[in-house]
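Subject: Structure handover

Hello,

Here is the structure I promised to pass on. Please open it alongside this note.

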Amino acid sequence: MTSRRDFMKQGGAAFGASLLAGSSLAAIPRLLGASSAPDSRALETFADIPGVKELMNAALNAAKMAGASYADVRCSRQRQNFVFTREQQIQQVVDTDTVGIGVRALVDGTWGFAATRVLTNDGAAAAAREAVAIAKASRIARARPIEWLPSPVVADGKWKGAYVQDPFDIPVEQKADLLLKANAAAMKTKNVKYVFSGFFFVKDERNYANTDGSVIQQDTVRSWPTMQITAVSADFSDFQNRANMIQPMARGWEYVLASDLVGNAPKWGEEAAAKLTAKPVDVGRYDLVLDPANLWLTIHESIGHPTELDRAMGYEANYAGTSFVAPPEKMLGTLKYGPSIMNIQGDRTQEGGLSTIGWDDDGVKPDEFLIVKNGMFNDYQTTREQAPWLRWWYDKNGRPVRSHGCSYAQGWDNVQFQRMPNVSLLPGDKDQSLNDLVSATDRGILIQGDGSFSIDQQRYNAQFGGQTFHEIKGGKIVGVLKDVAYQIRTPDFWNSMDMIGGKSSYVLGGSFFDGKGQPPQVNAVSHGSPPARFKNVNVINTGRKA
């Protein structure tokens, strides 16, 4: 592509079609709850930081005057830019931009929330009064008053994510051109017939203030370059995919360039084509060596979601139910989640992590905490409202009762609640590599990349696929397999882990779109891990016909 005219010619039909598209990708902006673009006056007001502080003060003062014992306000802007291509066509370009104010008020131990796109002092105050009115009206349904944990005041907090180059400064023509070049590179591989590629970019600029006196300004960028390459057999009897090669990160355009889509596309195409002639896996039990690019999803589903405290307490059941890690008094310090080499850390502090932030939406600076310590279940994910529920546990162990900083909302028009921080398997003391784990395995399968998955309503039984599967015999990789999926019973699976990689093998993976709540909200979260080996895991053949 050499000019804007060429770009419009190549993509114009796709732009129009995108408005009617029924694909899941077309639904993503709606799932994210994006509003239509605000008028230019609103954007100018938002860019004026002193003006934003004045709006937030107007909201907090109005909430206090109306009877709130505590209130907080978030004035934020979220931009999204998605670019999708297929073979040599631009399929869709999505741009959304939303800005507004959300106010949360605590009245007589009951929450109320309201939001507005009217960016004036009167508009902010009206939203605050509405939040207070909703709290008062909700008292009749209150089971018990909210115990709101104190937190240090942050008078002038500022935080910026780890990104270097803002992807929203990159012209869409340049983004599309890069994707089309990657597609062309992949299409040169024998048997590769279809290629989808895309970029997802999100930029959050958040201003937060509360009646404690905290005032915080933060911004972060998330980026996800993605491809799906499909190879078709010569007789059209089989097709195989290679997808999800690159993990989403809280990085900028520099992460896209470092991913080298064009340079890597032929290799990914060959991996897709190799599955056409791969041996179908024989069902049975194997020792599995799971690469971090596969293991992140298993961590997310079997540890991340079950250790959300609201899910464990039965207050959250959307998106795959409640949790088997319940009730807390029977699980904390009692549940043997895995072997002594297993340490699972929750945090929102890792550089480049998708949920990493300076302060959460309760105004709390997140900490690092061990959800699983030496194999034993040790803690849940908490907010200022939830941490007091575990006071007995923290007092028993001489630990402070404090939030882990897990409160956040999708945007200004959503109420904040407990969301998953970065949840990661920490590396082992011995600096073993992926090759070390393979060399130590007599009969097993190496699985890389994430694939399909299914999990029950307690996150107790699950099934996970992958992207590439290599057969291991006598400590060596001897061939390529296909149609592989492994089944787990969560505690049994994690207790079967007998080897983990060291610090140098640690990789951060994650989910760009993680859903929770009702009304649903989407957030992003990272999961780091080294490679790990699991003994005697049940493997099924997903291609077998009855």
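How do the residues of the lining of the largest pocket divide into nonpolar, polar and charged? There are 13 nonpolar, 13 polar and nine charged. Here Ala, Val, Leu, Ile, Met, Phe, Trp, Tyr, Cys and Pro count as nonpolar, Asp, Glu, Lys and Arg as charged, and the others, including Gly, as polar.

Two notes on reading the model. It is predicted, so local features need pLDDT of at least 70 and side-chain atom pairs count only at pLDDT 80 or more, while totals for chains, interfaces and linings use all residues. Residues are numbered from 1 along each chain as its sequence is written, and side-chain values use heavy atoms, without hydrogens or water.

The pocket

The largest pocket has a volume of about 1100 Å³. A pocket is an open set of points on a 1 Å grid over the protein atoms alone, with protein on both sides within 12 Å along at least five of seven lines. Grid points are joined across faces, edges and corners, and a volume is the space filled by probe spheres set on them. The pocket lining has 35 residues; these have an atom within 4 Å of a point. Nearest the pocket centre are Trp111, Ile146, Tyr315, Glu385 and Phe417. Strand E3 (110-116) gives the most to this lining, four residues. Strands are DSSP runs of at least two residues (E), and helices of at least four (H or I), numbered from the N terminus. Domain 1 (4-277) and domain 2 (280-541) both line the pocket, so it lies between them. The domain bounds come from an automatic or database assignment.

The cavities

There are four cavities of 30 Å³ or more. In a cavity, a 1.4 Å probe fits but cannot get out. The largest cavity holds about 250 Å³ of space. Of its 24 lining residues, Asp204, Arg206, Arg222, Tyr408 and Asn523 are closest to the centre. Its lining has 11 nonpolar, seven polar and six charged residues. Both domains give residues to this lining too, so the largest cavity also lies between them.

One residue

Glu301 sits in helix H9 (residues 292-304). Glu301 counts as buried because its relative accessibility is 6% (buried is under 20%, exposed over 50%, partly exposed in between, with a 1.4 Å probe and protein chains only). Its side chain makes a polar contact with the side chain of Arg459, at 2.4 Å. Such a contact is a pair of N or O atoms within 3.5 Å; within protein, one must be able to donate a hydrogen and the other to accept it, and residues adjacent in sequence count only if both atoms are side-chain atoms.

Best wishes
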